[in-house]
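Subject: Structure for your review

Dear colleague,

Please find the structure below, handed over for your work. My notes on it come after.

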Amino acid sequence: MLLSRRSFLFLLLNLIGASRLHALSVKGVEYMSMRELARACGMRSSLSKDGKTQIVYSKFSRMEFRLHSRQIELNGVAVWLGFPVVSNRGALYIAKRDYLKTIVPILFPQRIGKYPKVFHVFLDAGHGGKDVGAQNKAYRLYEKSIALDVVKRLGTILRRNGYRVSFSRTSDKFVELSDRAEAAVKSRADLFLSVHCNAASPSVSGVETFAMTPRYMPSTSAKGTSPSDNIGHAGNASDGWSQLFSYYVQRDLLAATRSDDRGVKRARFAGLRGASMPSSLVEIGFLSNNAEARKLASASYRQSIAQSLANSIMKYHSTIRRLQKS
């Protein structure tokens, strides 16, 4: 049947309008609707009555998004987005780049690409020597010592499980930040993990894990975008696998410590920028918080942290092997 010119134009405008329902650009950032996200993930979605919270879920996974927030809950773990959730015409939207770089690596690692090896692990104990890092003077605790103890315990566990392990340091010596990732690259390590302790006001507590910030996205601590976000680094070669590994680290550390969940975050730290292999930097607690400092002073607690980190590495390895067989 032939359409009149008016009918054709009416149909065309409706088609264009429909295609724009799920497309949105905010300050140059392309967004997708939560309905589109749910469909891409093979999930369902439910929007709260006030339109400020949306759940995207399936039998196996659950994500909770909140309007204007950069933090979501993914299967019970806090995960930080690069861009805030926005609203348009009563629907919530997420940045397309967050779907690809934040969510897909965790829920659908088979979509990341070439599977990396996981045999040689490079462990980096933060600070050292003249650089003591965070400290708690009341308990005479220094970040450089705690990080080294945890890393050495972790190395022992990994070696017992058949992994090759290298270290940025095994004693109280100073190592330049740029030299740590460089040493991992030179040793041809398959995985890089840097261990640190945190410091802030005495009331702040919890654990957090950092993956390298993808190109064209702001780091978690940034207030907005910057031209420097567009610069690519060696660490961006493994964006997806670093995100998955960091998620496992945060999830297992929460289970072991029962600490506050500060989330899987993004940063362009020197070690993460220079590590071309999948990498993560973990903050295992706040020495500025006396309750956490007392726990970190315990050898058994540090052993439990080391075991949780080993579990994360082995879970990450197990996931890759499973994907390779499928």
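Predicted model: local features only at pLDDT ≥ 70, side-chain atom pairs only at ≥ 80, totals over all residues.

Residues are numbered from 1 along each chain as its sequence is written, and side-chain values use heavy atoms, with hydrogens and water left out.

Nonpolar cores

A nonpolar core here is a set of buried Ala, Val, Leu, Ile, Met, Phe, Trp, Tyr and Cys residues joined through side-chain atoms within 4.5 Å. Buried means under 20% relative accessible area, exposed means over 50%, and partly exposed lies in between (1.4 Å probe, protein chains only). The largest core holds 67 residues, and Leu37, Phe65 and Ile284 touch the most other members. Helix α9 (residues 299-325) gives the largest share of this core, nine residues; helices (H or I, at least four residues) and strands (E, at least two) are DSSP runs, numbered from the N terminus. Another core, of eight residues, lies apart from the largest one and includes Tyr31, Phe83, Val86 and Met217.

Contact means heavy atoms within 4.5 Å.

A pocket is defined on a 1 Å grid over the protein atoms alone, as an open set of points where a 1.4 Å probe fits, with protein on both sides within 12 Å along at least five of seven lines; lining residues have an atom within 4 Å of a point. The largest pocket has a volume of about 280 Å³, a volume being the space filled by probe spheres set on the points, which are joined across faces, edges and corners. Of its 14 lining residues, Lys27, Phe83, Pro84, Gly224 and Thr225 are the closest to the centre.

Phe83 lies in the loop between β7 (77-80) and β8 (86-88). Phe83 counts as buried because its relative accessible area is 7%. Beyond four places in sequence, the contacts of Phe83 include Val29, Tyr31, Asp98, Met217 and Thr225.

The expected span of a helix is 1.5 Å times one less than its number of residues. Helix α3 (residues 96-107) has twelve residues and reaches 15 Å from its first C-alpha to its last, close to the 16 Å expected. Among the buried residues of α3 are Asp98, Tyr99 and Ile103.

Helix α4 (residues 143-160) has 18 residues and reaches 26 Å between its first and last C-alpha, close to the 26 Å expected. Its buried residues include Glu143, Lys144, Leu148 and Val151. Just after α4, Gly162 takes a positive phi of about 90°.

Arg180 is in helix α5 (residues 177-186). Arg180 is classed as buried because its relative accessible area is 4%. Its contacts beyond four places in sequence include Phe122, Asp124, His127 and Phe192. Arg180 and Phe122 are 58 residues apart in sequence and 9.4 Å apart in space, C-alpha to C-alpha.

Two loop residues with positive phi

Most residues other than glycine have a negative phi. Asn75, which is not a glycine, has a positive phi of about 50°, and it lies in the loop between β6 (71-74) and β7. With a relative accessible area of 35%, Asn75 is partly exposed. Arg140 has a positive phi of about 55° and is likewise not a glycine; Arg140 lies in the loop between β11 (135-136) and β12 (141-142). Arg140 counts as exposed, at 72% relative accessibility.

Yours sincerely
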